[in-house]
Amino acid sequence: MELPQMKKFTKSLMAVAFVAASGAAVAEETSFDATISLLQPITLNTVQDLSFAPQAVGENIDVVTGAEDTRAAVFSATGEANAAAQASVVESSIEMVTGAGATTGERITVDTFTYGGSLASDGSTAFDAAGELNNMRVGGTAHVEADDVQGDFVGTATFRLVYQ
């Protein structure tokens with residue numbers, strides 16, 4: 001090696017030796033724990049289905065059942081004491097049908113689901129100290145069209161309750 005390269009190599013070797021001698025670490029390791037809590041399963045019950053006030057045929061009208069109305073859907077549940085939970089209607093909208101539901105006049109859309117009772121407006125809630133959760137309420141809006149036929153319309157929505 002030439003003298004200038006030898007000096008450069010020597011300086012680099014000395015720097016590495018200094019770091020090794022001073023005990024400075026290039027990497028560190030630490031441990032961590034993994035944990036899980038297994039909660040009591042949620043048991044969910046429908047106390048009352050959502051219904052809307054009867055309407056006359058031939059009108060375009062949005063029929064609203066608020067979450068605090070007597071026609072609101074009502075649910076109860078049991079689960080983990082004092083656990084936080086989140087409720088929701090899975091579908092953003094459903095169709096109620098009469099007859100075969102083959103024509104638009106045999107279908108009514110329901111959407112704009114709202115929450116009340118023991119549910120906050122965003123669906124958040126919590127089980128009580130006994131692991132009970134009652135009076136979870138859901139309202140919605142039925143969009144009745146002037147060409148809807150006379151009859152009883154029925155549709156199914158899904159109410160979901162999960163631990164947060």
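**Asp-111 and its surroundings**

User: Leaving aside its neighbours within four places in sequence, which residues is Asp-111 in contact with?
Analyst: The model is predicted. In it, Asp-111 is found in strand E6, residues 107-117. Once neighbours within four places in sequence are left aside, its contacts are Ser-92, Ser-93, Gly-140, Thr-141 and His-143.

User: Which side chain does the side chain of Asp-111 join in a polar contact, and at what distance?
Analyst: His-143 is one of the residues in contact with Asp-111. For Asp-111, the partner and distance are His-143 and 2.6 Å.

User: How far from Asp-111 is the nearest side chain of opposite charge?
Analyst: Asp-111 is buried and has no salt bridge. The nearest side chain of opposite charge to Asp-111 belongs to Arg-107, at a distance of 14 Å.

User: Which residue forms a salt bridge with Arg-107?
Analyst: Side chains of opposite charge can pair when their charged atoms come close. The count of salt bridges comes to one. The pair links distant parts of the chain, with Arg-107 in strand E6 and its partner in strand E5 (residues 93-97), twelve residues apart. The closest N and O atoms are 3.5 Å apart, and the partner of Arg-107 is Glu-95.

User: In what order do the strands of the open sheet of three strands stand?
Analyst: Strands of a sheet pair through backbone hydrogen bonds, either parallel or antiparallel. Here the pairing is antiparallel. Strand E7 (124-126) and strand E9 (159-163) are the edge strands, each pairing on one side only. Strand E4 is joined to E9 by five bridges and to E7 by three bridges, and the order is E7-E4-E9.

User: Which residue of E7 is the bridge partner of Gln-86?
Analyst: Strand E4 covers residues 84-89, and Gln-86 lies on its uncovered face. Towards E9, Gln-86 stands opposite Val-162. In E7, the bridge partner of Gln-86 is Ser-124.

User: Which residues make up the covered face of E4?
Analyst: In a regular strand the side chains alternate between the two faces of the sheet. The uncovered face of E4 holds Ala-84, Gln-86 and Ser-88. The covered face of E4 holds Ala-85, Ala-87 and Val-89.

User: Is Phe-159 buried or exposed?
Analyst: Phe-159 is in strand E9, opposite Val-89. Leaving aside neighbours within four places in sequence, its contacts include Leu-44, Phe-75, Leu-119 and Met-136. The cut-off for a buried residue is under 20% relative accessible area. Because its relative accessibility is 11%, Phe-159 counts as buried.

User: What share of the contacts with a separation of 6 or more comes from residues 24 or more positions apart?
Analyst: Along the sequence, the protein chain follows the pattern α-β-β-β-β-β-β-β-β-β, with one helix and nine strands. Among contacts with a separation of 6 or more in the protein chain, residues 24 or more positions apart account for 75%.

Terms used. Residues numbered from 1 in each chain as written. Predicted model: local features only at pLDDT ≥ 70, side-chain atom pairs only at ≥ 80, totals over all residues. Heavy atoms only, no water. Helix = DSSP H or I, 4+ residues; strand = E, 2+ residues; numbered from the N terminus. Buried < 20%, exposed > 50% of the residue type's maximum accessible area, 1.4 Å probe, protein only. Lys, Arg positive; Asp, Glu negative; His and termini not counted. Salt bridge = Lys/Arg side-chain N within 4 Å of Asp/Glu carboxyl O. Polar contact = N/O pair within 3.5 Å; in protein donor to acceptor, adjacent residues only side chain to side chain. Contact = heavy atoms within 4.5 Å. Pairing = 2+ DSSP bridges.
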